[in-house]
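Welcome, and thanks for stopping by. Here is a short briefing to read alongside the sequence and the structure.

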Amino acid sequence: MSDLETFRRETRAWLEANCPPEMRRPMTSESDTYWGGRNAKFSSEPQRVWFERMRDKGWTVPDWPKEYGGGGLEPAEHKVLREEMAAMGVRSPLSSFGIWMLGPALLKYGTEAQKKEHLPDIAAGLIRWCQGYSEPNAGSDLASLQTRADSDGDDYIINGQKIWTSYANYADWIFCLVRTDPAAKKHDGISFILFDMASKGVSTKPILLISGYSPFCETFFDNVRVPKSHVVGQVNRGWDVAKYLLQHERAMISGTGERGIGRPLGQVAADSVGSDDSGRLDDAVLRGQIAAFDIDEAAFAAVAERAVDLAKAGQSHPAFSSAMKYYGTELNKRRHEILMSAGGIDALEWESERSRGGARPRAWLRTKANSIEGGTSEVMLGIVAKRILDLPGA
Amino acid sequence: MPLVLTEEQSMLRDSARGLISDKAPVSHLRSLRDSKDETGFSRELWKAFAEMGFSGLLVPENFGGSGLGCVEAGIVMEEIGRTLMPSPFLSTAVLAASALSRSGNDAQKSAHLPRIADGSLLAALAIDEGAKHRPLQINLQAVRSGNGFKLNGAKALVVDGHTADLLIVAARTGGAAGERDGLTLFLVDPKARGIAIERTVMVDAHNAARIEFSNVEVNADQVLGEVDQGGALLEGVLNIGRGAVASEMVGLSEEVFGRTVTYLKERKQFGKLIGEFQALQHRASQLYIDIEITRAAVLKALQTLDGDFEHAGAAVSVAKAKAGTTATLAVQEGVQMHGGMGMTDQFDIGFFMKRARVCQELFGDSNYHADQLARMKGY
């Protein structure tokens, strides 16, 4: 038996023994997600048990080095772990922008001191992070951001406003893009800096969305004092860090790991629409739409798997995450349109116990942001056109 | 199994691409079409294919082949898709070799497989009877007669039917149209009495035939596999064919796309390269993404066929459906973005459009396979 097969066998046995049954079902609401942080509370005992067991094994971040709180797994082992978790339908123990976005950027660009200070806390879910990128006039054109960091001895004094800061009102720290050289060309004067959201001068204000939730905030900085040692990478070269991090954000938003768990769409639809005598969904056109969706979803799962394998083989294109982000988010929007159509009248309830507080329509509305956040679909297609296809102009 | 080619597989791709692009560019198909060539492919080139081991790719080693798998067959099919080289590869080296090696008895294997491997025997699989691919609807009757059977009925779109030395015919020995039980495969000599073969000139200038069977006598030893039990065998062989045709469509799509992107970088209108226009850039990017996704889905299906044959149906349906949709989009965008030039016969793009349409229909189009997947998932 190869080492990898042994690892698979042991991993499966460990998951069977350690993952509580309640954590092997698809999430039903936001509160099923554990985000960690200074003020974190577990929504259930199984959620706590599952998180702590995974943390103790280093499997909140299975592929990070052990010295930073990770599991130290090789890429092939990491893939096995993901496959076994997916096969068992187990939930991720910790949702975290620190894991998905900041961590990879720190591993690549951080100083040893920065890695030691932040990575173990991210792995252990002690600090919840938010991302300060977008501003009211710097969305798709992110590099035109205006938040200023003025030098003052060993510190910067930060002034400005961010928007669409996901969960800023719950976050402990922020990773933030600021302009450190207003005279430079727009990509060249930006730095990537970390600071505590409890710092004097930081305030947040939630933004209510069409889904009825406020995952996003406006975030204001009024003379916030931050040590210069908190800059990640070189001063004025923050765009490199930002771009690298965006690749990870896009991979995360494309939702490659989340789908394919739970009941098949066709059966969800059959629950409300019904089936004919031969077992076929009693709405031929909807059935066709779901089947076409299932084809695309299965094909997308294959390309997600291949993307990992190509990266391992050193054959991947750095801009391919944009392709994944585009397709994954459009697919997710389609999925939720179908879910709404399949649910019919039942899916329209906004507030009731029966509808679990309107979970389905709220999730449907939430997905509309997928093709906007982290770079719009149009920006993704533009990146593919220029960086992969090498098309001229602009 | 990682979803990337191994070093050996990459070498196979390079050697196939070298031979095919050198000896059989699209102009090769064009000249066969224009001269109304009787054979419809180059026997000389098929000999070269056999010498490089391609015709025996799926033939087991003890019968003179190289005993490779569906991934390797797909690699060759993809290269065929790039130049649309007409050859008996699909009919003989993929379908017939698979059918015989999977379920032939020793006598049948010894008689045919070494000759498939050395390129001297051409074969064709005769399945469809109606306008659409419906393998369960097979209605060609095989009625017991003495020590054997008598075949009556007709087949349409028999790929390479007019050049075949051996026909593998799917017939009904029991049950009714629509049922899986009662299907039987027969090895039939195309020169047998009662067989009428009409070569059909197809839109894509590839080879196909309509074949009529009128009281054709076959012996019991011409049954491939078990009587009445051919349904599963046929489905397995068809799945290999579907994976192969999906690969051809990946090659075809990528070639058309490559030519189109090159054109976007060269053609000027309104004083600009047309590749500068965002409307075209975004459509090109979408198509690129679709092709990459299709490539992954097809490789996944081929690996599943090699690793877990009995359970490959869903992955194969995903691959064939996705490849059909992507190829259709690729050729449509190819013609559209080439403008009026794309509509001319002088330009090659039209050849790809025609071939893509045929590949869509072969062994089930995208709708057929979406329906199959829905059934497998129980809705």
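A residue counts as buried under 20% relative accessible area, as exposed over 50%, and as partly exposed in between, using a 1.4 Å probe and protein chains only. What you see is a predicted model, in which local features need pLDDT of at least 70, side-chain atom pairs count only at pLDDT 80 or more, and totals for chains, interfaces and linings use all residues. Residues are numbered from 1 along each chain as its sequence is written, chains are lettered from A and ligands numbered from 1 in the order in which they are written, and side-chain values use heavy atoms, with hydrogens and water left out.

**Chain B as a whole**

- Chain B has 11 helices and 10 strands, where helices (H or I, at least four residues) and strands (E, at least two) are DSSP runs numbered from the N terminus.
- Its radius of gyration is 21 Å, close to the 21 Å that the globule rule gives for 379 residues, so chain B is as compact as a globular protein of that length. The radius is taken over C-alpha atoms, and the rule is 2.2 Å times the number of residues to the power 0.38.
- The C-alpha trace of chain B spans about 80 × 50 × 40 Å along its principal axes.
- Of the 379 residues in chain B, 60% count as buried.

**Salt bridges**

- Over all chains, the count comes to 52 salt bridges, each being a side-chain nitrogen of Lys or Arg within 4 Å of a carboxyl oxygen of Asp or Glu.
- A:Arg8 and A:Glu83 form one of them, at 2.9 Å from N to O. A:Arg8 sits in helix H1 (residues 3–18) of chain A and A:Glu83 in helix H3 (residues 75–88) of chain A, so the pair ties together parts that are 75 residues apart in sequence.
- A:Arg8 is partly exposed at 25% relative accessibility, and A:Glu83 is partly exposed at 30%.
- A:Lys186 pairs with A:Asp141, their closest N and O atoms being 2.8 Å apart.
- A:Lys186 has a relative accessible area of 36% and A:Asp141 one of 39%.
- In chain B, the side chains of B:Glu235 and B:Arg242 meet in a salt bridge of 3.0 Å, N to O. B:Glu235 is partly exposed at 22%, while B:Arg242 is buried at 1%.
- A network of salt bridges links B:Arg30, B:Arg33, B:Asp34, B:Glu255, B:Arg259, B:Asp345 and B:Asp348.

**Backbone with positive phi**

- A:Asn236 is not a glycine, yet has a positive phi of about 75°. It lies in the loop between strand S8 (231–232) and helix H6 (238–253) of chain A, and is partly exposed at 21%.
- A:Asp390, also not a glycine, has a positive phi of about 60°. It is found in the segment after helix H11 (377–388) of chain A, and is exposed, with a relative accessible area of 53%.
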